[in-house]
Amino acid sequence: MIETREAQIVEERAVRVRQGERERLARTWAHPAGFWGWFTNVSHTAIGIRYMVTSFIFFLLGGVLAALMRLQLAYPEQHLLGPDRYNQIFTVHGSTMIFLVVVPMMFQGFGVYLVPLMCGTRNIAFPRLNAFSYYVYVGGGLLLWIGLLLNIGADAGWFAYPPLSGPQFSPGKRVDFWAQMITFTEVSAMAVAVCLATTILRYRAPGMTLNRMPIFLWEKLVLSLMVMFAMPAVMVVSSMLLLDRLVGTQFFNPAEAGDALLYQHLFWFFGHPEVYILFLPGAAIVSTLLAAHCRREIFGYTPIVVSVVATGFLSFSVWVHHMFATGLPQTSESFFTAATLMIVIPTGTQFFCWIATIWNGRLQFQIPMLWVSGFVATFLVGGLSGPILASVPVDTQVHDTYFVVAHFHYVIIGGSIFTMFAGLYHWIPKMGGFLMNETLGKIHFWLFFVGFNMTFFPMHILGLRGMPRRIYTYPPEMHWSGLNLLASIGAIFMAAGVLVFVWNFLQSRWSGERAGDNPWGAGGLEWATTSPPPEYNFLELPTVNGREALWDAAPNQPIVVGLRSDIQELLVTHSLDAEPQLKEKSEGHSIWPFLAAIAVSLTFVGSIFNAWAVPIGAIPVIATLVGWLWPRGSSPPAPEVVGKEA
Amino acid sequence: MIGQDENPARALHKWPRFPKIAKRRAAGVLANFSAVMPGGHSVLDGAASQGRHIERLFSVLFFVCLGVYFLTLLFFAIGGRRSYNPAEKPLPIVKTPEADAVAKWWVGSAVGITTVLVFVILVLSIRTGMYVQDVSAQNSVTVKLTGHQWWWEVTYPDSRADQTIFTANEIHVPVGQRIAVLTNSADVIHSFWAPSITGKRDLIPGYSTAFSFTVDRPGTYRGQCAEFCGLQHAHMGFSVVAESPEDFEAWRQSQLTAAKEPESALTRSGQGVFLTHACVMCHAISGTTAGSHVGPDLTHFASRGEIAAGLLPNNPGSLAGWILDPQRIKPGTTMPPNNLSGEDLEALVTYLESLK
């Protein structure tokens, strides 16, 4: 009797302690309120959602441009858009979808939001840098789109080959808008790469050794490293182009012994890893969703991880397959054919492991899995036209035709947009706390799936019939009319599908069923907290016992104790075996990242017009950085190893 | 003169043995498919041995990939059907060691087969590449191709100046002979592409490259610029006219002559209009004082089938419209509008159309 009473007292005290802890954490980690508060917020959940919402808006805008192009090409010799307007539209469409939609959504959006949750920590590493990256990204997007809306948009294609993009053939500021947008978005992506890689390597929950790290985190780590190595190439090349245009350097001007082909090498040295930067996040989502919805650990964890790493490496040795038509020597071209074909092996391995996961699982066929099957059916078409394109002789025939347009839309929409929707249907219940409507989800899927195939499948045939890409019109006698009309009708279905999604989101947000902490019964740590997660992510920081943390958890799985709740303290663990090492204070909310982003943006934009903007703009940039890094006065908490408790 | 390599039947025998049957069948089925494709401008309707080699390789790759596609989907579908579980949130299984041990063999074999297929594709691709990209020193005809925004300068170079032919947008070649093409560009990057002949080759300023092809079916084959080159990239067409060696020689001889002297009063007045207006700033007509090579050479203008780089048929009506207001027809083209009186225009058009 007495023992029971004592146990009760202990229990009540524990509840009180937890309640007090909860309130303290909520106070410590609270998001700043008010209008200015919005700009000072450095929480990864807030920034992650902003990335997703912003890139989705750009997705809708890019879709509008696609619709305009399909309208123009529906019939031969139409005059809805002139060549000038059409060139701006396809340039901005491509640049938007690559730089402002897929990378910010799949790498930055999903990564920034989910990685700290999956690691079981309370915030991302370098949260201010992370917030800064978001504002810089928005600056780049605005620059590109304001140019288009003023009818002085970039018009040299999304890879802007000189000499066409050089000062002689593209006078004015159009190409500068494009080149500087590249700088903006790449600064943003590299900043996030640093944040994500650090978070993954140092902030994982105790017990989450490298061998237990979810595949999603593995792929984000590989991606971050790819971003760090690939993006500098494109920033260099866009800066060289700007220098050619602004201060009269002659890097790419053949008339002054410059080299037009150098640009292509540098651009595609970035450009092909970029393709895998677009695809790997999709593969990460598929691996994660398959485990959750097949109710089993992913089959072939090690081969999949090895495949992802191998893809990361191989992606840097295939860039010349974008240049097979330039007339390089056959031996070197063959090397790049071989390297390109090699990528089939790791990608195939992932597919086979996914099949085995489904085969030996207990498949739950809800909306996220519907989108995953859509991914398989569509991405595979693009994936298999890849080896066809890798072959030099065939590539010289279909390169720069609608066959390639079909190929990369199957790869990017199949690999990134289908998986984006799969991921959104899977994680929106976590982010928003509500379930999406199943019926509307199905309507969305079928409209989008049918429309997508109707739009892009005929393009394969158009390419074989000799239709080059980037033509604003075509003569009626070319027999391209019927298939183009079919493609344009398909675009209507796709647009309708996306609108159904938007409607579904808004309606479910308003009146959708509550999701609960773990609606899918999934095993990742992000499901170990409430939906949506509180500002401090986890009341009790979890520890990990296996690859699917929640499924493998012991009945009395320990939690992390010893972190202060009155300051924003994080646990730093060892990068290999995730043993607790240090406590670290997370940087707090601050207006400086926003001001620094404004200063950097003004410098970038100014440098389009006058080279003096760089030295002059450096002054406010340095000033804001000084403010950002100014010592807070309070000394950082003493490093101290944190214990665990059952 | 058909060399050994040019003989398509022989070339077929050079393929490795293993996929030969598949290849024949594949080529057959795709040939039926290409029957619904219009002729003269299609990857699947090769008129040159290079184009046909690529077509055959494409067919093989197409059917291999088609097979892989449906096999993969089939396995996904069977797997999904097999493991489908309608219960709501069944407990996770986490591990299935026995079933996974079996799956390991399947996945391993699939990866193995993929690896083998990849190497087969690589070998086939390199073999075809060696044939298609082969540039020999012995060519019966050499064509120098220079890209301009937005037309093609075609030159048949010869060490003797009076044996050099200048023309535009129309490449005449003899059937069955090896043609070497030297590429260059005067402004931005363009790309030569006649789908029925062979793969494309970029024309890059500052680089001169060479490739060759052998057309073996007489006819006119359309081509188009395939590298985005600015406002009128859509209207940068050309044609390859393949004719018998005798017809080609006749064409060559006629091109070597100076422009036809005007014979009637109307054509004489037309020549006067040409020589006293802006035309001479850019165009050349041999035998007259017009010698600028900024725009297409018009010496044998009337012998060409199309004007404005494949955009309009070469007839007096479209020529008159083109001369008056090219910007309406091809917005952005470098040719300026010309304000000519009715008589002057008629005389000019008649003169130009007399330049056979």
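Me: In this predicted model, which elements of chain B do the buried residues of α7(B) pack against?
Reply: Helix α7 of chain B spans residues 316–324, and its buried residues are B:Leu319, B:Trp322 and B:Ile323. These residues pack within chain B against the strands β11 (306–307) and β12 (312–313), and against the helices α8 (326–329) and α9 (342–353).

Me: Why do the buried residues of α7(B) lie on the same side of the helix?
Reply: The residues in question are B:Leu319, B:Trp322 and B:Ile323, each of them buried. They lie on the same side of α7(B) because, around the axis, they cover an arc of only 95 degrees.

Me: How are α10(A) and α4(B) oriented to each other, roughly parallel or roughly antiparallel?
Reply: The axes of α10 (residues 330–342) of chain A and α4 (residues 97–132) of chain B come within 10 Å and cross at roughly 160 degrees. Angles over 145 degrees count as roughly antiparallel. The two helices α10(A) and α4(B) are therefore roughly antiparallel.

Me: How many charged residues does the contact of α10(A) with α4(B) have?
Reply: Residues in this contact include A:Ser334 and A:Leu341 of α10(A), together with B:Ile121 and B:Gly129 of α4(B). By class, the contact of α10(A) with α4(B) has 7 nonpolar and 5 polar residues, and the number of charged residues is none.

Me: Which element gives the most to the side of chain A that touches chain B?
Reply: The contact takes 77 residues from chain A and 77 residues from chain B. Elements giving two or more residues to the chain A side include α4 (83–119), α8 (260–293) and α12 (367–390). With 11 residues, the element that gives the most to this side is α11(A).

Methods. Residues numbered from 1 in each chain as written. Chains lettered and ligands numbered in written order. Predicted model: local features only at pLDDT ≥ 70, side-chain atom pairs only at ≥ 80, totals over all residues. Buried ≥ 20, exposed ≤ 12 C-beta atoms within 10 Å, placed from the backbone. Helix = DSSP H or I, 4+ residues; strand = E, 2+ residues; numbered from the N terminus. Arc of directions from axis to C-beta. Contact = placed C-beta atoms within 7 Å. Axes fitted to C-alpha atoms, helices over the stretch in contact; angles between N-to-C directions. Parallel < 35°, antiparallel > 145°, perpendicular 65-115°, else oblique. Nonpolar A, V, L, I, M, F, W, Y, C, P; charged D, E, K, R; others polar.
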